[in-house]
Amino acid sequence: MMSINWFPGHMHKARKEIAKVMDEIDVVIEVLDARLPVSSENPMISQLGKGTPVIKLLNKSDLADPVRTQEWVDYYNSLPDTRAIMIDYKQKKLISSIPNLCNELVPSRSNNGRQVRAMIMGIPNVGKSTMINALLGKKIAKVGNEPAVTKGQKRFLLKNGMALSDTPGMLWPKIEDRDSGYRLAASGAIKNTAIEFQQVAEYAAEFLCQDYPELMVARYKLKKIPENADELLKEIGRKRGGLRAGGKIDMHKASEILLNELRGGQIGLVTYETVSEWLEKWEQQRIEAERLAAEELAAEAAKEQGKE
Ligand code: G4P
């Protein structure tokens with residue numbers, strides 16, 4: 001499996017820099033990939049930003065399943081100090097409404113004529129620079145993908161008077177579990193991953209067969225819903241990849257076709273993560289934590305009894 005550590009050494013530097021400026025930030029604008037809101041977040045944002053209102057931009061929603069994205073928006077909007085919007089880089093009007101949304105989140109500052117200070121954060125390739133450019137109405141140099149901060153922080157003044165800062169340093173996605181790693185790779189959120197290309201395609205094919213079989217049938221003109229990843233890839237290979245010598249299906253070519261079309265949006269609108277899956281996992285984590293705590297308490301009690 002993946003060997004990427006989501007918290008490499010230089011992240012410590014980024015964390016220190018972010019912690020330093022966080023006191024002077026009123027609103028965090030967190031850019032997420034709408035197709036994978038959980039796996040495209042960086043836990044530092046929620047840790048360091050505790051108590052600071054956050055606007056979650058579910059970006060690239062032009063590639064995501066609108067029903068699932070709406071569920072995420074509703075879920076995030078039910079959290080305290082959190083506003084979420086479904087967005088993509090073509091929605092200029094919506095983007096230009098973000099500064100006012102920031103003001104609304106901190107009325108204590110905006111109503112008193114004080115400058116609202118926002119910081120935009122997100123993992124690489126999530127669309128942060130594109131968003132900053134759209135907010136500023138001009139193109140700025142991309143500095144985000146440097147491992148650490150060199151010269152302080154970039155700060156911009158927006159039309160409504162709001163100050164917008166870029167994250168000082170690069171924030172990696174969290175790649176804690178198998179699913180997150182594969183989803184980041186399958187969506188193209190991270191490109192050159194440590195995982196085998198073909199394994200990513202198999203993961204994607206399995207997911208598509210389960211969650212979006214009708215899109216597969218339509219795109220690859222299949223006679224029936226494929227039963228599993230192997231069957232789907234073979235079918236794509238047969239139809240599109242051509243056959244290799246001896247009638248063997250070119251599985252590598254089939255994998256390439258599937259991944260390219262999935263990432264490019266030709267397959268249709270796809271979202272990898274659902275609110276119910278998240279809540280279930282979350283619930284499981286809580287149950288597990290409680291179980292461990294109970295075990296610890298029982299062990300403590302047994303030790304105490306042994307002493308008596
Ligand atoms: P970053 O600063 O967070 O690293 O991301 P950046 O703005 O550079 O965007 C990364 C890629 O994502 C860019 O593609 C950009 O055009 C694309 N992108 C940004 N927002 C959206 C969106 O809402 N929808 C879609 N479909 N794409 C979006 P690129 O420069 O062509 O890079 P690549 O695609 O060749 O990697």
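**Binding site, pocket and coiled coil**

Visitor: Which residues does UniProt list under "binding site"?

Guide: The unreviewed UniProt entry gives the feature "binding site" to N59, K60, S61, D62, N125, V126, G127, K128, S129, T130 and G169. Please keep in mind that the structure shown is a predicted model.

Visitor: Where does N125 sit?

Guide: N125 lies in a loop, with β4 (117-121) on one side and α7 (128-136) on the other.

Visitor: And what does N125 touch, leaving aside neighbours within four places in sequence?

Guide: N125 is in contact with K60, G188, A189 and K191. Of these, K60 is itself listed in the "binding site" record from UniProt.

Visitor: How accessible is N125?

Guide: N125 has a relative accessible area of 34%. That value falls between the cut-offs of 20% for buried and 50% for exposed, so N125 is described as partly exposed.

Visitor: What about K128, buried or exposed?

Guide: K128 counts as buried, because its relative accessibility is 10%, and the limit for that label is under 20%. K128 belongs to helix α7.

Visitor: Which residues touch K128, not counting those up to four places away?

Guide: The contacts of K128 are V31, I120, M121, G122, D166 and T167.

Visitor: Changing topic: what is the volume of the largest pocket?

Guide: The volume of the largest pocket is about 870 Å³. The pocket is lined by 34 residues, and those closest to its centre are E41, S46, K56, L79 and W278.

Visitor: Which elements give two or more residues to that lining?

Guide: They are β1 (27-33), α2 (43-48), β2 (54-59), α3 (66-77), α8 and α13 (275-307). The largest share, 5 residues, is supplied by α13.

Visitor: You mentioned α8. Where is S180 found, and is S180 buried or exposed?

Guide: S180 is in helix α8, which covers residues 178-187. S180 is buried, with a relative accessible area of 7%. Beyond its neighbours within four places in sequence, S180 is in contact with S39, K174 and I175.

Visitor: Last one: where does UniProt put the "coiled-coil region"?

Guide: The unreviewed entry places the "coiled-coil region" at residues 279-307. In the model, that stretch is 100% helix and 0% strand, and its end C-alpha atoms are 42 Å apart. Helix α13 is given as residues 275-307.

Definitions and conventions: Residues are numbered from 1 along each chain as its sequence is written. This is a predicted model: local features need pLDDT of at least 70, side-chain atom pairs count only at pLDDT 80 or more; totals for chains, interfaces and linings use all residues. Side-chain values use heavy atoms; hydrogens and water are left out. UniProt positions are given in the numbering used here, feature names are shortened, and annotations may be inferred rather than shown by experiment. Helices (H or I, at least four residues) and strands (E, at least two) are DSSP runs, numbered from the N terminus. Buried means under 20% relative accessible area, exposed over 50%, partly exposed in between (1.4 Å probe, protein chains only). Contact means heavy atoms within 4.5 Å. On a 1 Å grid over the protein atoms alone, a cavity is a set of points where a 1.4 Å probe fits but cannot get out, and a pocket is an open set with protein on both sides within 12 Å along at least five of seven lines; lining residues have an atom within 4 Å of a point. Grid points are joined across faces, edges and corners, and a volume is the space filled by probe spheres set on the points.
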